[in-house]
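Please look at the sequence and the model before reading on.

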Amino acid sequence: LFQSSQLGILLFASLLLSSLVLGITGRFIYKYDRRSIPTSQKRTDAVTAFTSAVSSSAAIMLTVCGYVVFFSVLIGYATRLFDIIGAPKIIPVILSGLLEISNGMSFAAGLGGNISPILAAFFAGFSGLSVIFQIISLDRGRHIRKKAFVLQKLLQGVLCAIICFILLKFFNYFIINVISTTAPLYVTWSETLDFAQISRSAFDW
């Protein structure tokens, strides 16, 4: 997205550090009841296990694709609406990242300036509602506390953005020249964001 391996390493380090911080602190905050995790004692033969694995894998793939398509179409309509009403350019970018991480990261990369990697870090930490719903759909009886999970992902996004900001300042690494050569995945960006073009691209890919 940013055509820079150094910036990619910085974003990865931000995501890794935020995950470590939340993982360590969460160990003392949340109490896990291992007895609530379902365990199966029933043995199955190889043929049954194989057919079950293929069937469940296909169902999961369809579920993932369904969420990605749904949120991509929703982003396409939303960006058109924001373009019509003349909303500030950063609003559709934030909305896209909150809904779906891939589109959000691509749109953030086209903003330019130092805000671009910080937004990308937030989207990477939060993961987007599309990924969150995918995870919840795979609960399989583990009783994920949905509100706590969403709040924790939101907190990770904020923490990841803060860490990214600190690392950018610490290494005195500014990306204006990098952003000028950016080539996002879905959209060819001009000097300013053209959200009508973004919305058309969302339906064409």
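Ser14 is buried, its relative accessible area being 0%; buried means under 20% relative accessible area, exposed over 50%, and partly exposed in between, with a 1.4 Å probe and protein chains only. The model is a predicted one, in which local features need pLDDT of at least 70 and side-chain atom pairs count only at pLDDT 80 or more, while totals for chains, interfaces and linings use all residues. Residues are numbered from 1 along each chain as its sequence is written, and side-chain values use heavy atoms, with hydrogens and water left out.

Ser14 belongs to helix α1 (residues 5–29). Helices (H or I, at least four residues) and strands (E, at least two) are DSSP runs, numbered from the N terminus. Not counting residues up to four places away in sequence, Ser14 touches Cys160, Ile163, Cys164 and Leu167; contact means heavy atoms within 4.5 Å. Among the buried residues of α7 are Cys160, Ile163, Cys164 and Leu167, and the list also includes Phe149, Lys153 and Gln156. Helix α7 (residues 146–170) has 25 residues and reaches 36 Å from its first C-alpha to its last, close to the expected 36 Å at 1.5 Å a residue. The expected span is 1.5 Å times one less than the number of residues.

**Helix α5 and its partners**

Two packed helices are described by the angle between their axes and the distance between the axes. Axes are lines fitted to C-alpha atoms, for helices over the stretch in contact, and angles run from 0 to 180 degrees between N-to-C directions. Helix α5 (residues 115–126) pairs with helix α3 (residues 90–99) and with helix α4 (residues 101–109).

| Pair | Axes come within | Crossing angle |
|---|---|---|
| α3 and α5 | 9 Å | roughly 25° |
| α4 and α5 | 8 Å | roughly 170° |

Angles under 35 degrees count as roughly parallel, over 145 as roughly antiparallel, 65 to 115 as roughly perpendicular and the rest as oblique. Helices α3 and α5 are therefore roughly parallel to each other. Their contact is made by Ile90, Val93, Ile94, Gly97 and Leu98 of α3 with Leu119, Phe122, Phe123 and Phe126 of α5. By class, these residues divide into 8 nonpolar, 1 polar and no charged. Ala, Val, Leu, Ile, Met, Phe, Trp, Tyr, Cys and Pro count as nonpolar, Asp, Glu, Lys and Arg as charged, and the others, Gly among them, as polar.

Helices α4 and α5 are roughly antiparallel to each other. From α4, the residues in contact are Ile101, Gly104, Met105, Ala108 and Ala109, and from α5 they are Ser116, Leu119, Ala120, Phe123 and Ala124. This contact has 8 nonpolar, 2 polar and no charged residues.

Ser127 is in the loop between α5 and α6 and counts as buried at 11% relative accessibility. Most residues other than glycine have a negative phi. The phi of Ser127 is near 80°, a positive value in a residue other than glycine.

Gly128 lies in helix α6 (residues 128–137) and is buried, with a relative accessible area of 0%. Its C-alpha atom is separated by 4.9 Å from that of Leu99, 29 residues apart along the chain. Leaving aside neighbours within four places in sequence, Gly128 is in contact with Gly97, Leu98, Leu99, Glu100 and Phe123.

**The whole protein**

The secondary structure comes to 9 helices and 0 strands. Of the 205 residues, 36% are buried. Among contacts with a separation of 6 or more, 80% join residues 24 or more positions apart.
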